Amino acid sequence: MAEDKGITPQKQDFAAWYNEVVLRGELADYSPVRGSMVIRPWGYGIWENMQRALDARFKETGHENAYFPLLIPMSFIEKEKEHVEGFKPELAVVTHAGGKELEEPLVVRPTSETIIYSMYAKWVQSYRDLPILLNQWANVMRWELRTRLFLRTSEFLWQEGHTAHATAEEAEEETRRMLDVYRTFMEEWIAMPPLTGLKTESEKFAGAVRSYACEALMQDNRALQAGTSHFLGQNFSRQFDLTFQTEGGEEDYAWNTSWGVSTRLVGGMVLTHGDDRGVVVPPKLAPTQVVVIPIWRTEEEGTAVREKAESLALRLRERGVRVRVDARDQLTPGAKFYEWERKGVPIRMEVGPKDLKKEQVVLVSRVELAGEKRKAFLPEGEAVESLPGRLDAFQTALLERAVARREENSYRGVESIGELAEIMEGPGGFVYTGWSGDPEVEERVKAETKATIRCIPDPEFRSKKAPTRCVGGGEAKMEVVWARAY
RNA sequence: CGGGGCGUGGCGCAGCUCGGUAGCGCGCCUGCUUUGGGAGCAGGAGGUCCCCGGUUCGAAUCCGGGCGCCCCGACCA
(Lines give C-alpha, C1' and ligand atoms only; values in the text may rest on other atoms or scores of the structure.)
Protein backbone atom coordinates (compact mmCIF):
# COMPACT_ATOMS: atom_id res chain seq x y z
CA MET A 1 0.00 0.00 0.00
CA ALA A 2 2.99 2.27 0.30
CA GLU A 3 3.06 2.57 -3.48
CA ASP A 4 0.04 4.74 -4.09
CA LYS A 5 0.64 7.06 -1.18
CA GLY A 6 3.26 9.23 -2.76
CA ILE A 7 2.75 12.24 -4.95
CA THR A 8 3.83 12.04 -8.58
CA PRO A 9 7.35 13.51 -8.57
CA GLN A 10 7.80 16.96 -10.08
CA LYS A 11 10.42 15.71 -12.48
CA GLN A 12 8.20 12.95 -13.79
CA ASP A 13 5.13 15.05 -14.61
CA PHE A 14 5.00 18.60 -13.38
CA ALA A 15 1.32 19.19 -14.18
CA ALA A 16 0.23 16.02 -12.41
CA TRP A 17 2.46 16.91 -9.47
CA TYR A 18 0.81 20.31 -9.16
CA ASN A 19 -2.71 18.91 -9.21
CA GLU A 20 -1.95 16.26 -6.65
CA VAL A 21 -0.18 18.66 -4.35
CA VAL A 22 -3.12 21.05 -4.37
CA LEU A 23 -5.72 18.32 -3.91
CA ARG A 24 -3.87 16.22 -1.35
CA GLY A 25 -2.61 19.25 0.49
CA GLU A 26 -6.30 20.07 0.93
CA LEU A 27 -5.94 23.53 -0.55
CA ALA A 28 -8.82 23.03 -2.96
CA ASP A 29 -11.08 20.52 -4.63
CA TYR A 30 -12.98 20.40 -7.91
CA SER A 31 -16.56 21.58 -7.82
CA PRO A 32 -19.30 20.00 -9.91
CA VAL A 33 -19.14 22.84 -12.43
CA ARG A 34 -16.42 22.57 -15.01
CA GLY A 35 -13.49 24.82 -14.36
CA SER A 36 -14.54 25.99 -10.95
CA MET A 37 -13.21 24.94 -7.62
CA VAL A 38 -13.86 24.90 -3.91
CA ILE A 39 -11.20 26.52 -1.78
CA ARG A 40 -10.85 24.36 1.32
CA PRO A 41 -10.08 25.72 4.79
CA TRP A 42 -6.34 25.26 4.55
CA GLY A 43 -6.19 27.01 1.20
CA TYR A 44 -8.62 29.68 2.25
CA GLY A 45 -6.64 30.31 5.43
CA ILE A 46 -3.59 31.03 3.29
CA TRP A 47 -5.66 33.38 1.13
CA GLU A 48 -6.98 35.12 4.26
CA ASN A 49 -3.43 35.74 5.40
CA MET A 50 -2.60 37.18 2.00
CA GLN A 51 -5.69 39.36 2.17
CA ARG A 52 -4.84 40.63 5.62
CA ALA A 53 -1.35 41.66 4.62
CA LEU A 54 -2.38 43.25 1.35
CA ASP A 55 -5.38 44.99 2.82
CA ALA A 56 -3.17 46.58 5.47
CA ARG A 57 -0.85 47.88 2.76
CA PHE A 58 -3.77 49.24 0.74
CA LYS A 59 -5.01 51.12 3.79
CA GLU A 60 -1.50 52.41 4.51
CA THR A 61 -1.34 53.77 1.00
CA GLY A 62 -4.58 55.65 1.45
CA HIS A 63 -7.21 53.32 0.04
CA GLU A 64 -10.60 52.35 1.39
CA ASN A 65 -12.62 49.24 0.69
CA ALA A 66 -16.02 49.29 -0.96
CA TYR A 67 -18.20 46.81 -2.76
CA PHE A 68 -19.71 47.01 -6.22
CA PRO A 69 -22.28 44.54 -7.52
CA LEU A 70 -21.68 41.25 -9.29
CA LEU A 71 -23.99 42.00 -12.20
CA ILE A 72 -23.18 44.61 -14.79
CA PRO A 73 -25.39 45.78 -17.64
CA MET A 74 -24.15 44.38 -20.92
CA SER A 75 -24.16 47.86 -22.41
CA PHE A 76 -21.55 48.99 -19.88
CA ILE A 77 -19.05 46.38 -20.93
CA GLU A 78 -19.62 47.33 -24.54
CA LYS A 79 -18.73 50.98 -24.05
CA GLU A 80 -14.96 50.76 -24.09
CA LYS A 81 -14.02 49.25 -27.43
CA GLU A 82 -10.84 47.39 -26.53
CA HIS A 83 -12.31 46.36 -23.24
CA VAL A 84 -15.23 44.54 -24.91
CA GLU A 85 -13.00 42.85 -27.41
CA GLY A 86 -10.75 41.63 -24.64
CA PHE A 87 -13.50 40.19 -22.52
CA LYS A 88 -16.38 39.28 -24.80
CA PRO A 89 -15.28 35.69 -25.40
CA GLU A 90 -15.14 34.90 -21.72
CA LEU A 91 -18.27 36.57 -20.44
CA ALA A 92 -20.96 34.70 -18.57
CA VAL A 93 -24.27 36.41 -19.31
CA VAL A 94 -27.52 36.36 -17.39
CA THR A 95 -30.42 36.46 -19.82
CA HIS A 96 -33.25 35.20 -17.63
CA ALA A 97 -34.32 36.07 -14.14
CA GLY A 98 -37.53 35.95 -12.18
CA GLY A 99 -38.92 33.51 -14.68
CA LYS A 100 -38.67 35.74 -17.71
CA GLU A 101 -36.22 37.04 -20.20
CA LEU A 102 -34.46 40.25 -19.21
CA GLU A 103 -34.83 43.41 -21.29
CA GLU A 104 -31.07 43.86 -21.18
CA PRO A 105 -28.71 40.97 -20.50
CA LEU A 106 -26.53 41.25 -17.41
CA VAL A 107 -22.93 40.27 -17.36
CA VAL A 108 -21.33 38.49 -14.42
CA ARG A 109 -18.36 40.79 -13.83
CA PRO A 110 -15.10 39.69 -15.38
CA THR A 111 -13.64 42.83 -13.78
CA SER A 112 -15.36 45.97 -12.56
CA GLU A 113 -13.92 48.97 -14.36
CA THR A 114 -17.17 49.82 -16.10
CA ILE A 115 -19.52 49.72 -13.15
CA ILE A 116 -17.03 51.46 -10.89
CA TYR A 117 -16.18 54.34 -13.19
CA SER A 118 -19.84 54.85 -14.00
CA MET A 119 -20.39 55.35 -10.27
CA TYR A 120 -17.36 57.59 -9.92
CA ALA A 121 -18.89 59.77 -12.63
CA LYS A 122 -21.85 60.28 -10.36
CA TRP A 123 -19.71 61.12 -7.34
CA VAL A 124 -17.16 63.45 -8.85
CA GLN A 125 -17.84 67.07 -9.71
CA SER A 126 -14.73 68.95 -8.83
CA TYR A 127 -11.00 68.37 -8.54
CA ARG A 128 -11.73 68.60 -4.83
CA ASP A 129 -13.49 65.22 -5.07
CA LEU A 130 -10.30 63.64 -6.34
CA PRO A 131 -8.50 61.42 -5.92
CA ILE A 132 -10.85 58.54 -5.28
CA LEU A 133 -8.88 55.60 -3.98
CA LEU A 134 -11.02 52.48 -3.60
CA ASN A 135 -10.43 48.79 -3.49
CA GLN A 136 -12.81 45.88 -3.50
CA TRP A 137 -12.42 42.25 -2.52
CA ALA A 138 -14.62 40.25 -4.81
CA ASN A 139 -15.16 37.25 -7.00
CA VAL A 140 -15.10 37.57 -10.75
CA MET A 141 -15.91 35.24 -13.60
CA ARG A 142 -14.14 34.63 -16.86
CA TRP A 143 -15.29 31.67 -18.88
CA GLU A 144 -11.94 30.09 -19.58
CA LEU A 145 -11.51 27.28 -22.06
CA ARG A 146 -8.77 25.62 -20.16
CA THR A 147 -8.63 25.77 -16.41
CA ARG A 148 -6.24 24.80 -13.63
CA LEU A 149 -6.76 24.88 -9.90
CA PHE A 150 -5.92 28.37 -8.58
CA LEU A 151 -4.01 29.33 -11.71
CA ARG A 152 -7.00 29.72 -13.98
CA THR A 153 -10.53 28.97 -12.92
CA SER A 154 -13.77 30.37 -14.27
CA GLU A 155 -14.57 32.04 -11.01
CA PHE A 156 -11.79 33.37 -8.84
CA LEU A 157 -11.31 35.63 -5.86
CA TRP A 158 -9.28 38.77 -6.09
CA GLN A 159 -9.03 42.38 -5.14
CA GLU A 160 -9.33 45.15 -7.64
CA GLY A 161 -8.21 48.65 -6.86
CA HIS A 162 -9.76 51.47 -8.85
CA THR A 163 -8.63 55.04 -8.56
CA ALA A 164 -9.44 58.34 -10.21
CA HIS A 165 -7.04 61.27 -10.30
CA ALA A 166 -6.91 64.82 -11.50
CA THR A 167 -3.67 64.42 -13.40
CA ALA A 168 -1.97 61.81 -15.52
CA GLU A 169 1.20 62.13 -13.46
CA GLU A 170 -0.62 61.33 -10.26
CA ALA A 171 -2.36 58.34 -11.81
CA GLU A 172 0.89 57.05 -13.22
CA GLU A 173 2.50 57.41 -9.82
CA GLU A 174 -0.35 55.43 -8.27
CA THR A 175 0.04 52.69 -10.87
CA ARG A 176 3.71 52.34 -10.03
CA ARG A 177 3.14 52.55 -6.29
CA MET A 178 0.70 49.66 -6.31
CA LEU A 179 2.94 47.55 -8.49
CA ASP A 180 5.59 48.08 -5.86
CA VAL A 181 3.16 47.10 -3.09
CA TYR A 182 2.56 43.85 -4.93
CA ARG A 183 6.21 43.22 -5.55
CA THR A 184 7.13 43.78 -1.93
CA PHE A 185 4.27 41.63 -0.74
CA MET A 186 5.28 38.78 -3.02
CA GLU A 187 8.84 38.92 -1.78
CA GLU A 188 8.18 39.39 1.90
CA TRP A 189 5.12 37.21 2.33
CA ILE A 190 5.07 34.61 -0.41
CA ALA A 191 8.86 34.52 -0.72
CA MET A 192 8.21 34.64 -4.43
CA PRO A 193 10.49 37.24 -6.00
CA PRO A 194 8.97 38.64 -9.16
CA LEU A 195 10.43 40.55 -12.02
CA THR A 196 8.60 43.82 -12.56
CA GLY A 197 8.13 45.77 -15.72
CA LEU A 198 5.94 47.10 -18.47
CA LYS A 199 3.73 44.93 -20.63
CA THR A 200 3.92 45.18 -24.39
CA GLU A 201 0.92 46.43 -26.39
CA SER A 202 -0.16 42.90 -27.21
CA GLU A 203 0.02 41.73 -23.60
CA LYS A 204 -1.51 44.69 -21.85
CA PHE A 205 -4.94 44.79 -20.21
CA ALA A 206 -7.86 45.38 -22.57
CA GLY A 207 -8.69 49.04 -22.13
CA ALA A 208 -5.47 50.18 -20.49
CA VAL A 209 -2.99 52.69 -21.82
CA ARG A 210 -0.16 50.88 -20.09
CA SER A 211 0.02 47.73 -17.95
CA TYR A 212 2.71 46.84 -15.50
CA ALA A 213 3.14 43.36 -14.10
CA CYS A 214 4.90 41.20 -11.56
CA GLU A 215 6.21 38.13 -13.30
CA ALA A 216 7.46 35.26 -11.16
CA LEU A 217 9.43 32.25 -12.32
CA MET A 218 7.98 28.92 -11.24
CA GLN A 219 9.90 25.71 -10.56
CA ASP A 220 9.22 24.40 -14.05
CA ASN A 221 10.77 27.61 -15.36
CA ARG A 222 7.54 29.01 -16.72
CA ALA A 223 6.51 32.53 -15.86
CA LEU A 224 3.44 33.33 -13.83
CA GLN A 225 1.86 36.75 -14.14
CA ALA A 226 1.21 37.25 -10.47
CA GLY A 227 -0.10 40.78 -10.30
CA THR A 228 -0.89 43.66 -12.62
CA SER A 229 -1.27 47.39 -12.29
CA HIS A 230 -2.78 49.46 -15.08
CA PHE A 231 -2.63 53.07 -16.09
CA LEU A 232 -5.98 53.50 -17.78
CA GLY A 233 -5.52 57.07 -18.91
CA GLN A 234 -8.87 58.65 -19.69
CA ASN A 235 -10.20 55.67 -21.65
CA PHE A 236 -12.93 54.77 -19.22
CA SER A 237 -13.52 58.33 -18.07
CA ARG A 238 -14.46 59.30 -21.58
CA GLN A 239 -16.88 56.43 -21.99
CA PHE A 240 -18.56 57.00 -18.65
CA ASP A 241 -18.38 60.78 -18.48
CA LEU A 242 -16.15 60.80 -15.48
CA THR A 243 -15.45 64.52 -15.65
CA PHE A 244 -14.50 67.14 -13.10
CA GLN A 245 -13.90 70.86 -12.92
CA THR A 246 -10.25 71.74 -12.63
CA GLU A 247 -8.83 74.37 -10.34
CA GLY A 248 -8.87 76.69 -13.31
CA GLY A 249 -12.58 76.07 -13.82
CA GLU A 250 -12.27 73.95 -16.94
CA GLU A 251 -13.83 70.56 -17.49
CA ASP A 252 -11.52 67.55 -17.81
CA TYR A 253 -11.75 63.80 -17.77
CA ALA A 254 -10.33 62.04 -14.72
CA TRP A 255 -7.33 59.74 -14.98
CA ASN A 256 -7.80 56.18 -13.78
CA THR A 257 -5.78 53.25 -12.54
CA SER A 258 -6.73 49.71 -11.70
CA TRP A 259 -4.68 46.94 -10.13
CA GLY A 260 -5.30 43.43 -8.93
CA VAL A 261 -4.00 40.20 -7.54
CA SER A 262 -5.98 37.02 -7.18
CA THR A 263 -6.12 33.59 -5.61
CA ARG A 264 -3.71 32.73 -8.40
CA LEU A 265 -1.10 33.77 -5.86
CA VAL A 266 -1.88 30.61 -3.91
CA GLY A 267 -1.01 28.64 -7.02
CA GLY A 268 2.15 30.69 -7.37
CA MET A 269 3.10 29.83 -3.82
CA VAL A 270 2.70 26.12 -4.55
CA LEU A 271 4.63 26.33 -7.82
CA THR A 272 7.41 28.29 -6.15
CA HIS A 273 7.98 26.28 -2.97
CA GLY A 274 6.20 22.94 -3.24
CA ASP A 275 8.20 19.72 -3.43
CA ASP A 276 7.60 16.01 -3.84
CA ARG A 277 6.28 15.78 -0.31
CA GLY A 278 3.61 18.37 -0.99
CA VAL A 279 2.87 22.01 -0.35
CA VAL A 280 5.36 24.27 1.43
CA VAL A 281 3.73 27.30 3.03
CA PRO A 282 5.92 30.26 3.97
CA PRO A 283 5.54 30.91 7.73
CA LYS A 284 3.99 34.34 7.25
CA LEU A 285 1.18 32.80 5.23
CA ALA A 286 0.73 29.58 7.16
CA PRO A 287 -2.58 29.33 9.01
CA THR A 288 -0.71 26.98 11.33
CA GLN A 289 2.99 27.69 11.63
CA VAL A 290 3.81 25.00 14.13
CA VAL A 291 1.96 21.75 14.63
CA VAL A 292 2.59 20.00 17.92
CA ILE A 293 2.28 16.23 17.79
CA PRO A 294 2.00 14.46 21.12
CA ILE A 295 3.13 10.84 21.08
CA TRP A 296 2.14 8.27 23.65
CA ARG A 297 1.52 4.61 24.41
CA THR A 298 -0.42 4.26 27.60
CA GLU A 299 -3.30 6.42 28.73
CA GLU A 300 -1.15 7.67 31.55
CA GLU A 301 1.55 8.79 29.16
CA GLY A 302 -1.11 10.23 26.91
CA THR A 303 -2.46 12.48 29.59
CA ALA A 304 0.95 13.78 30.52
CA VAL A 305 2.14 14.25 26.96
CA ARG A 306 -1.03 16.01 25.82
CA GLU A 307 -0.84 18.32 28.77
CA LYS A 308 2.73 19.15 27.91
CA ALA A 309 1.79 19.73 24.28
CA GLU A 310 -0.92 22.16 25.29
CA SER A 311 1.34 24.07 27.63
CA LEU A 312 4.03 24.33 24.96
CA ALA A 313 1.42 25.57 22.52
CA LEU A 314 0.32 28.18 24.98
CA ARG A 315 3.85 29.42 25.47
CA LEU A 316 4.29 29.65 21.72
CA ARG A 317 1.04 31.54 21.29
CA GLU A 318 2.28 34.03 23.84
CA ARG A 319 5.17 34.64 21.48
CA GLY A 320 2.81 35.25 18.58
CA VAL A 321 3.23 31.87 16.93
CA ARG A 322 0.20 30.24 15.30
CA VAL A 323 0.18 26.76 16.83
CA ARG A 324 -2.06 23.77 16.64
CA VAL A 325 -1.91 20.64 18.74
CA ASP A 326 -2.84 17.51 16.82
CA ALA A 327 -3.92 15.12 19.56
CA ARG A 328 -6.15 12.93 17.43
CA ASP A 329 -6.17 9.45 18.87
CA GLN A 330 -7.14 7.52 15.75
CA LEU A 331 -3.98 8.32 13.81
CA THR A 332 -0.47 7.19 14.46
CA PRO A 333 2.19 9.89 14.75
CA GLY A 334 3.64 8.87 11.41
CA ALA A 335 0.34 9.43 9.64
CA LYS A 336 0.13 12.90 11.13
CA PHE A 337 3.68 13.72 10.06
CA TYR A 338 2.81 12.91 6.46
CA GLU A 339 -0.45 14.80 6.58
CA TRP A 340 1.04 18.05 7.87
CA GLU A 341 3.95 17.79 5.51
CA ARG A 342 1.55 17.45 2.60
CA LYS A 343 -0.16 20.59 3.77
CA GLY A 344 3.13 22.39 4.20
CA VAL A 345 3.18 23.42 7.86
CA PRO A 346 6.64 24.98 8.31
CA ILE A 347 7.64 23.37 11.59
CA ARG A 348 6.53 20.30 13.49
CA MET A 349 7.14 19.82 17.17
CA GLU A 350 7.08 16.26 18.51
CA VAL A 351 6.60 15.56 22.20
CA GLY A 352 6.73 12.00 23.51
CA PRO A 353 7.41 10.19 26.78
CA LYS A 354 11.15 10.17 26.13
CA ASP A 355 11.11 13.92 25.65
CA LEU A 356 9.11 14.45 28.82
CA LYS A 357 11.80 12.72 30.83
CA LYS A 358 14.55 14.73 29.22
CA GLU A 359 12.50 17.93 29.20
CA GLN A 360 13.16 18.29 25.53
CA VAL A 361 11.22 18.38 22.29
CA VAL A 362 11.95 17.43 18.70
CA LEU A 363 11.63 20.13 16.07
CA VAL A 364 11.38 19.14 12.43
CA SER A 365 11.52 21.68 9.64
CA ARG A 366 9.39 21.17 6.55
CA VAL A 367 12.36 21.90 4.33
CA GLU A 368 16.05 21.45 4.80
CA LEU A 369 17.45 24.92 5.30
CA ALA A 370 20.98 25.72 4.22
CA GLY A 371 23.45 24.08 6.57
CA GLU A 372 20.85 22.70 8.96
CA LYS A 373 19.45 19.27 9.55
CA ARG A 374 15.69 19.00 9.35
CA LYS A 375 15.49 17.50 12.80
CA ALA A 376 16.66 19.12 16.03
CA PHE A 377 16.48 17.84 19.61
CA LEU A 378 16.21 20.82 21.93
CA PRO A 379 15.50 21.57 25.58
CA GLU A 380 11.88 22.73 25.89
CA GLY A 381 12.75 26.27 26.87
CA GLU A 382 15.19 26.72 24.07
CA ALA A 383 12.78 25.29 21.54
CA VAL A 384 10.05 27.68 22.59
CA GLU A 385 12.37 30.67 22.73
CA SER A 386 13.92 29.93 19.38
CA LEU A 387 10.77 29.28 17.41
CA PRO A 388 9.89 32.79 16.26
CA GLY A 389 13.46 33.12 15.04
CA ARG A 390 13.30 29.78 13.32
CA LEU A 391 10.15 30.78 11.49
CA ASP A 392 11.81 33.99 10.35
CA ALA A 393 14.85 32.07 9.19
CA PHE A 394 12.57 29.66 7.33
CA GLN A 395 10.84 32.55 5.61
CA THR A 396 14.14 34.18 4.67
CA ALA A 397 15.62 30.94 3.43
CA LEU A 398 12.65 30.36 1.12
CA LEU A 399 13.09 33.78 -0.43
CA GLU A 400 16.83 33.35 -0.85
CA ARG A 401 16.33 30.00 -2.44
CA ALA A 402 13.73 31.40 -4.82
CA VAL A 403 15.89 34.38 -5.79
CA ALA A 404 18.81 32.08 -6.45
CA ARG A 405 16.65 29.83 -8.59
CA ARG A 406 15.31 32.76 -10.57
CA GLU A 407 18.83 34.02 -11.28
CA GLU A 408 20.15 30.57 -12.16
CA ASN A 409 17.41 30.29 -14.71
CA SER A 410 17.78 33.73 -16.22
CA TYR A 411 19.73 34.10 -19.45
CA ARG A 412 21.14 37.44 -20.47
CA GLY A 413 22.70 38.63 -23.66
CA VAL A 414 20.74 36.28 -25.91
CA GLU A 415 20.78 37.65 -29.45
CA SER A 416 18.99 35.23 -31.75
CA ILE A 417 15.65 33.49 -32.01
CA GLY A 418 17.52 30.23 -32.42
CA GLU A 419 19.27 30.67 -29.11
CA LEU A 420 16.02 31.65 -27.44
CA ALA A 421 14.23 28.65 -28.92
CA GLU A 422 16.95 26.35 -27.67
CA ILE A 423 16.50 27.59 -24.11
CA MET A 424 12.73 27.28 -24.36
CA GLU A 425 12.95 23.73 -25.71
CA GLY A 426 15.50 22.89 -23.04
CA PRO A 427 15.49 24.18 -19.50
CA GLY A 428 13.20 27.19 -19.94
CA GLY A 429 13.49 30.32 -17.83
CA PHE A 430 13.67 34.09 -18.21
CA VAL A 431 15.53 35.10 -21.34
CA TYR A 432 16.72 38.68 -21.76
CA THR A 433 17.11 39.98 -25.29
CA GLY A 434 17.05 43.18 -27.23
CA TRP A 435 13.88 44.16 -29.07
CA SER A 436 13.10 46.70 -31.71
CA GLY A 437 9.60 47.28 -30.40
CA ASP A 438 8.10 45.80 -33.56
CA PRO A 439 4.99 43.71 -32.79
CA GLU A 440 5.69 41.61 -35.86
CA VAL A 441 8.93 40.39 -34.30
CA GLU A 442 7.13 39.65 -31.05
CA GLU A 443 4.55 37.60 -32.95
CA ARG A 444 7.11 35.72 -34.96
CA VAL A 445 9.20 34.80 -31.93
CA LYS A 446 6.08 33.65 -30.17
CA ALA A 447 5.08 31.43 -33.07
CA GLU A 448 8.54 29.90 -33.26
CA THR A 449 9.36 29.47 -29.59
CA LYS A 450 6.03 29.61 -27.71
CA ALA A 451 7.67 32.23 -25.52
CA THR A 452 6.05 35.61 -24.98
CA ILE A 453 7.46 38.89 -23.82
CA ARG A 454 6.68 38.84 -20.14
CA CYS A 455 7.72 42.43 -19.68
CA ILE A 456 10.05 45.25 -20.52
CA PRO A 457 11.91 45.03 -17.23
CA ASP A 458 12.26 47.87 -14.80
CA PRO A 459 15.77 49.42 -14.63
CA GLU A 460 16.97 47.37 -11.67
CA PHE A 461 16.40 44.12 -13.57
CA ARG A 462 18.03 45.21 -16.80
CA SER A 463 21.36 43.81 -17.90
CA LYS A 464 24.43 45.86 -17.10
CA LYS A 465 25.26 45.99 -20.75
CA ALA A 466 22.19 47.10 -22.70
CA PRO A 467 21.56 44.85 -25.70
CA THR A 468 22.18 46.44 -29.06
CA ARG A 469 20.67 43.82 -31.36
CA CYS A 470 17.01 42.94 -31.64
CA VAL A 471 16.34 39.23 -31.24
CA GLY A 472 14.52 39.22 -34.56
CA GLY A 473 17.37 41.04 -36.32
CA GLY A 474 18.14 44.71 -36.61
CA GLU A 475 18.64 47.23 -33.91
CA ALA A 476 17.39 46.95 -30.33
CA LYS A 477 15.47 49.83 -28.85
CA MET A 478 14.98 48.18 -25.48
CA GLU A 479 15.58 45.05 -23.45
CA VAL A 480 12.76 42.55 -22.92
CA VAL A 481 12.30 39.32 -21.00
CA TRP A 482 10.88 36.23 -22.65
CA ALA A 483 9.43 33.09 -21.11
CA ARG A 484 6.77 30.53 -21.63
CA ALA A 485 3.92 31.57 -19.44
CA TYR A 486 1.08 30.03 -17.47
C1' C B 1 -12.03 24.70 -30.65
C1' G B 2 -8.67 20.22 -32.06
C1' G B 3 -6.19 15.67 -29.73
C1' G B 4 -6.08 12.04 -25.69
C1' G B 5 -8.04 9.72 -21.29
C1' C B 6 -11.81 8.55 -17.94
C1' G B 7 -16.99 7.74 -15.99
C1' U B 8 -18.34 0.93 -11.47
C1' G B 9 -19.73 1.81 -2.85
C1' G B 10 -16.71 8.13 0.01
C1' C B 11 -11.64 7.84 -2.84
C1' G B 12 -8.39 4.96 -6.24
C1' C B 13 -9.18 1.01 -9.43
C1' A B 14 -10.25 -4.30 -11.52
C1' G B 15 -14.10 -6.71 -14.14
C1' C B 16 -15.87 -5.36 -20.36
C1' U B 17 -11.92 -8.78 -25.24
C1' C B 18 -15.42 -13.91 -24.71
C1' G B 19 -23.00 -11.25 -21.68
C1' G B 20 -24.93 -15.25 -16.44
C1' U B 21 -27.01 -11.06 -11.36
C1' A B 22 -20.41 -6.97 -8.97
C1' G B 23 -15.02 -7.42 -6.74
C1' C B 24 -10.07 -5.41 -4.71
C1' G B 25 -7.20 -1.66 -1.99
C1' C B 26 -7.79 2.62 0.94
C1' G B 27 -11.40 5.07 3.83
C1' C B 28 -15.86 4.40 7.15
C1' C B 29 -18.53 1.71 11.68
C1' U B 30 -17.87 -1.87 16.17
C1' G B 31 -14.47 -4.46 19.38
C1' C B 32 -9.68 -5.75 21.15
C1' U B 33 -4.56 -4.86 20.68
C1' U B 34 -1.58 -0.55 19.12
C1' U B 35 0.94 4.66 18.72
C1' G B 36 8.91 8.08 18.05
C1' G B 37 7.63 8.13 9.84
C1' G B 38 1.44 6.28 6.46
C1' A B 39 -0.88 0.35 12.77
C1' G B 40 -2.70 -5.08 13.30
C1' C B 41 -6.52 -8.66 13.79
C1' A B 42 -11.74 -9.92 13.83
C1' G B 43 -16.56 -8.57 12.55
C1' G B 44 -19.69 -5.05 9.74
C1' A B 45 -22.18 -1.12 6.72
C1' G B 46 -22.22 0.87 2.02
C1' G B 47 -23.25 0.31 -5.25
C1' U B 48 -29.57 3.61 -10.01
C1' C B 49 -22.07 0.06 -12.71
C1' C B 50 -22.89 8.55 -15.99
C1' C B 51 -27.81 8.97 -18.79
C1' C B 52 -31.33 7.41 -22.73
C1' G B 53 -32.55 3.87 -26.26
C1' G B 54 -31.62 -0.92 -28.73
C1' U B 55 -30.09 -6.34 -29.13
C1' U B 56 -30.90 -10.62 -25.78
C1' C B 57 -34.23 -15.37 -21.73
C1' G B 58 -30.46 -12.24 -19.37
C1' A B 59 -26.27 -6.16 -20.25
C1' A B 60 -21.26 -2.99 -16.04
C1' U B 61 -19.99 -6.08 -20.39
C1' C B 62 -22.46 -5.89 -27.17
C1' C B 63 -24.70 -1.75 -30.56
C1' G B 64 -26.54 3.53 -31.29
C1' G B 65 -27.08 8.30 -29.28
C1' G B 66 -26.24 11.84 -25.48
C1' C B 67 -23.99 14.09 -21.05
C1' G B 68 -20.05 15.10 -17.78
C1' C B 69 -15.12 15.54 -15.93
C1' C B 70 -9.77 15.48 -16.29
C1' C B 71 -5.20 15.99 -19.16
C1' C B 72 -2.34 17.93 -23.62
C1' G B 73 -2.16 22.03 -27.74
C1' A B 74 -4.50 27.64 -29.99
C1' C B 75 -6.84 32.66 -26.32
C1' C B 76 -6.44 34.78 -21.00
C1' A B 77 -5.30 37.21 -14.11
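How many of the residues of strand β21 (residues 430-435) are buried? Six of its six are buried, and the strand is mostly covered. Buried means under 20% relative accessible area, exposed means over 50%, and partly exposed is in between (1.4 Å probe, protein chains only).

Before going on, note that this is a predicted model, in which local features need pLDDT of at least 70, side-chain atom pairs count only at pLDDT 80 or more, and totals for chains, interfaces and linings use all residues. Residues are numbered from 1 along each chain as its sequence is written, chains are lettered from A and ligands numbered from 1 in the order in which they are written, and side-chain values use heavy atoms, with hydrogens and water left out.

**Stop 1: strand β21**

Select 430-435 and show side chains. F430, Y432 and G434 point one way from β21, while V431, T433 and W435 point the other way. Helices (H or I, at least four residues) and strands (E, at least two) are DSSP runs numbered from the N terminus. Two strands pair if DSSP finds at least two bridges between them. Y411 is the residue opposite V431 of β21.

**Stop 2: the domains**

Colour chain A by domain: domain 1 covers 3-273, domain 2 covers 290-391 and domain 3 covers 410-483. These bounds come from an automatic or database domain assignment. Between the C-alpha centres of domain 2 and domain 3 the distance is 49 Å.

**Stop 3: a three-stranded sheet**

Select β4, β6 and β5, which form an open sheet in the order β4-β6-β5 with antiparallel pairing. β4 (71-73) and β5 (92-97) are at the edges with a single partner strand each, so one side of each has no neighbour in the sheet. From one strand to the next, the twist averages 45°. Three antiparallel bridges join β4 to β6 (residues 100-108), and L71 sits opposite V108 in β6.

**Stop 4: a helix pair**

Show α2 (residues 41-60) with α8 (residues 264-273), which pack at about 110° with axes 10 Å apart. Axes are lines fitted to C-alpha atoms, for helices over the stretch in contact, and angles run from 0 to 180 degrees between N-to-C directions. α2 and α8 are therefore roughly perpendicular (65 to 115 degrees). I46, W47 and M50 of α2 make the contact with L265, V266 and M269 of α8. Contact means heavy atoms within 4.5 Å.

**Stop 5: the loop between α5 and β7**

Go to D129, in the loop between α5 (113-123) and β7 (132-141). D129 is partly exposed, at 32% relative accessibility. Its side chain reaches the backbone nitrogen of Q125 at 2.8 Å, a polar contact (a pair of N or O atoms within 3.5 Å; within protein, one must be able to donate a hydrogen and the other to accept it, and residues adjacent in sequence count only if both atoms are side-chain atoms). P131 lies in this loop too, and the peptide bond from L130 to P131 is cis, with omega near -5°.

**Stop 6: Q10**

Q10 lies in the segment before α1 (14-24) and is buried at 17%. A polar atom of the Q10 side chain lies 3.0 Å from the backbone oxygen of G274.

**Stop 7: two positive phi angles**

Most residues other than glycine have a negative phi. A191 has a positive phi of about 55° and N221 one of about 65°. A191 is buried at 0%, and N221 is buried at 10%.

How values were computed
Parallel < 35°, antiparallel > 145°, perpendicular 65-115°, else oblique.
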